[in-house]
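Let us read a structure together, one feature at a time. Sequence and model come first.

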Amino acid sequence: MPELPEVEALKDFLTENLVGHEIVRVLPVAISVLKTYDPPLTAVEGREVVAVHRHGKFLDLETAGGPHFVTHLARAGWLHWKDQLPSGMPRPGKGPLALRAALETGAGFDLTEAGTQKRLAVYVVADPQEVPGIARLGPDPLADDFDEARLAALLKGERRQIKGALRDQGLIAGVGNAYSDEILHAARMSPFKPTSTLTAQETGRLYEALHGTLTEAVERSRGVAAGRLKAEKKSGLRVHGRTGEPCPVCGDTIREVSFSDSSLQYCPTCQTGGKPLADRRLSRLLK
């Protein structure tokens, strides 16, 4: 799933390639991606893109005097930029193509989604806050006013595991499964540590890991073409998706905990005092 760093990089890429250009046609190939109907999708046609924004994991294309085209790429979606779009109309079918947007230059982008769980979403709205997922977002962890005190205030009173808290978009915007693994590894913290047990020192360590991991990932992705961002993300991950490989910090074997629809990775030596986590849905430290 694209998370804050990749969506931020896509925002920068689209700012460079879209802003100042007119959207001449938007073709929905999979009707299921459209989550709004008023204004219609055609309301962005004939309008210039004046800005591109990021809200958590949402991309927001603002048009001149018109609505915002907002998309969430979900778990298996992606944006593919094309300097020259294929001629002819795309055909609906079982392929990954969900939507195509064309500019007056002949360039444009495709939104695609792999797999059978179709969750990629497109909204056309007068105000991004009309999108429910944006309206409920917590603060952006890379915002200027997001400091250690802000993180401490957000976590105060929470009664859950830190991994789940980091992934909660209503608490902190933009962090998903992959970067929560990376943040907790950098903070030397178990993914199942209760937030209620965090000391001031641990909260400070968590803040430094959160800010540092995301900032580094954004800088690494900046300037990378849209088509190479997925590979860039994977190459920069230390523990997520690296089950069985040596930890780059201590050399211990990276372990995994699997759930019904996802998994997490961690280093026992760096994060859990050398104790492996039980690989079941209600995981806990093995005695």
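The dialogue below takes up cores, helix packing and backbone exceptions.

Q: What kind of model is this, and how are its residues numbered?
A: The model is predicted: local features need pLDDT of at least 70, side-chain atom pairs count only at pLDDT 80 or more, and totals for chains, interfaces and linings use all residues. Residues are numbered from 1 along each chain as its sequence is written, and side-chain values use heavy atoms, with hydrogens and water left out.

Q: Which residues touch the most other members of the largest nonpolar core?
A: A nonpolar core is a set of buried Ala, Val, Leu, Ile, Met, Phe, Trp, Tyr and Cys residues joined through side-chain atoms within 4.5 Å. Buried means under 20% relative accessible area, exposed over 50%, partly exposed in between (1.4 Å probe, protein chains only). Here the largest core has 33 residues, and Leu14, Phe69, Leu99, Phe109 and Leu111 touch the most other members. Helix α1 (4–18) gives two or more residues. Its 6 residues are the largest share of this core. Helices (H or I, at least four residues) and strands (E, at least two) are DSSP runs, numbered from the N terminus. Another core, of 26 residues, lies apart; Phe146 and Leu237 are among them.

Q: At what angle do α1 and α6 pack?
A: Axes are lines fitted to C-alpha atoms, for helices over the stretch in contact; angles run from 0 to 180 degrees between N-to-C directions. Contact means heavy atoms within 4.5 Å. α1 and α6 (residues 200–221) pack at about 35 degrees, with axes 9 Å apart. Leu4, Pro5, Glu8 and Ala9 of α1 meet Leu214, Ala217, Val218 and Ser221 of α6.

Q: Which residues of α3 are buried?
A: An α-helix has 3.6 residues a turn, so residues three or four places apart point the same way. In α3 (residues 148–155), Leu151, Leu154 and Leu155 are buried. They cover an arc of only 90 degrees (from the directions from the helix axis to the C-beta atoms), which puts them on the same side of α3. Exposed Ala149 and Ala153 sit on the face turned away from that buried side. The cover over the buried residues includes α4 (162–167) and α6.

Q: Which peptide bond is cis?
A: The bond from Asp38 to Pro39 is cis, with omega near 5 degrees. Pro39 lies in the loop between β1 and β2.

Q: Is alanine 74 buried or exposed?
A: Ala74 counts as buried, at 6% relative accessibility. Its phi is positive, about 55 degrees, although Ala74 is not a glycine.
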